[in-house]
Amino acid sequence: MEQAHSALIFLSDIDADQYQDKPYRRRFMCYDTAFVVCYARPFLRQKGNGFPKLSAKAVGLDLSDDERMLHDKIIKGRHKRVAHGDIEATALKVSGARVERNGERYHLPIPTYDEPLLTHVWRLEDITKLTRKWLRAIANWASDRVQIDGGIDILVSPKVDIL
C-alpha cells in the first residue's frame, strides 16, 4: 500500500487536462500501472504461501459506499487493463501512412494507444484519500496487535533468487 501511495505522489505532478507528448505521458502511465498493481496486490489471493488477503473487516476499516465502489473499480481496473489487457479496456487505433521510396509506394501501420490514466479517471484526490485511509487502518491494526501480543517479529525473505 505504501508503494501505491508513492506512485500517487508522482502522479500528482501531471496535469491531466494539459497536452503531453507520448514519452512524457508514458512515464506517467508507468506510475499509473504501478499504483493499480500495488494497491490491488494485498486484496488478491496470493500463490503459494503468500500473505492472507487484506480486508476492511480484518483491520477494522469502515468504508463508505463511495469508497467501496472506488476500491472495487481499482481492483477491476487491475484485472481488466493492467493484468490481462482486455480489449474492452484498451483504446487502440491503427492508422496508415502512405510512403513512397525509390519509386515504390506502400503503407506503414501506425498504432496508437490512447488510454487515459486510470488514476485521473477515478479522481486522483479521491484515490489518495482512500489509500491514506487504508494506510492509517493498517498502521492502527499493527499498533493494536503489538499492544496485545507484546510484539510481533516477522521476517519475510524471498525464497526465490530473483537476481
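Modeller: Let's start with a term: buried means under 20% relative accessible area, exposed means over 50%, and partly exposed is in between, with a 1.4 Å probe and protein chains only. What you have here is a predicted model, where local features need pLDDT of at least 70, side-chain atom pairs count only at pLDDT 80 or more, and totals for chains, interfaces and linings use all residues. Residues are numbered from 1 along each chain as its sequence is written, and side-chain values use heavy atoms, with hydrogens and water left out.

Colleague: Which residues in α3 are buried?

Modeller: In α3 those are Leu70, His71, Ile74, Ile75, Gly77 and Arg81. An α-helix has 3.6 residues a turn, so residues three or four places apart point the same way. Helices here are DSSP runs (H or I, at least four residues), numbered from the N terminus.

Colleague: And how far does α3 reach from its first C-alpha to its last?

Modeller: The expected span of a helix is 1.5 Å times one less than its number of residues. Helix α3 (residues 65-83) has 19 residues and reaches 26 Å, close to the 27 Å expected.

Colleague: Where is the kink in α3 centred?

Modeller: A bend at a residue is the angle between axes fitted to the seven residues ending there and the seven starting there. In α3 the kink is about 30° and is centred on Gly77, one of the buried residues of that helix.

Colleague: On to charges. How many salt bridges are there?

Modeller: The rule asks for a side-chain nitrogen of Lys or Arg within 4 Å of a carboxyl oxygen of Asp or Glu, and the count comes to 6. Take Glu67 and Lys133, whose closest N and O atoms are 2.7 Å apart. Glu67 lies in helix α3 and Lys133 in helix α5 (residues 124-149), so the pair ties together parts that are 66 residues apart in sequence. Lys133 is partly exposed at 21% relative accessibility.

Colleague: What about Arg68 and Asp72, how many residues apart are they?

Modeller: They sit 4 residues apart in helix α3, about one turn. Arg68 is partly exposed at 33%, and Asp72 is partly exposed at 40%.

Colleague: Which residues are linked in a network of salt bridges?

Modeller: Arg123, Glu125 and Asp126. Within it, Asp126 pairs with Arg123 at 3.0 Å between the closest N and O atoms.

Colleague: Where is confidence lowest?

Modeller: pLDDT is the predictor's confidence in each residue, from 0 to 100. Confidence is lowest in helix α4 (residues 118-121), at a mean of 82, and highest in helix α1 (residues 2-11), at 93. The chain averages 83, with 80% of the residues scoring at least 70. Where pLDDT is low, the predicted coordinates should not be read in detail.

Key:
Helices (H or I, at least four residues) and strands (E, at least two) are DSSP runs, numbered from the N terminus.
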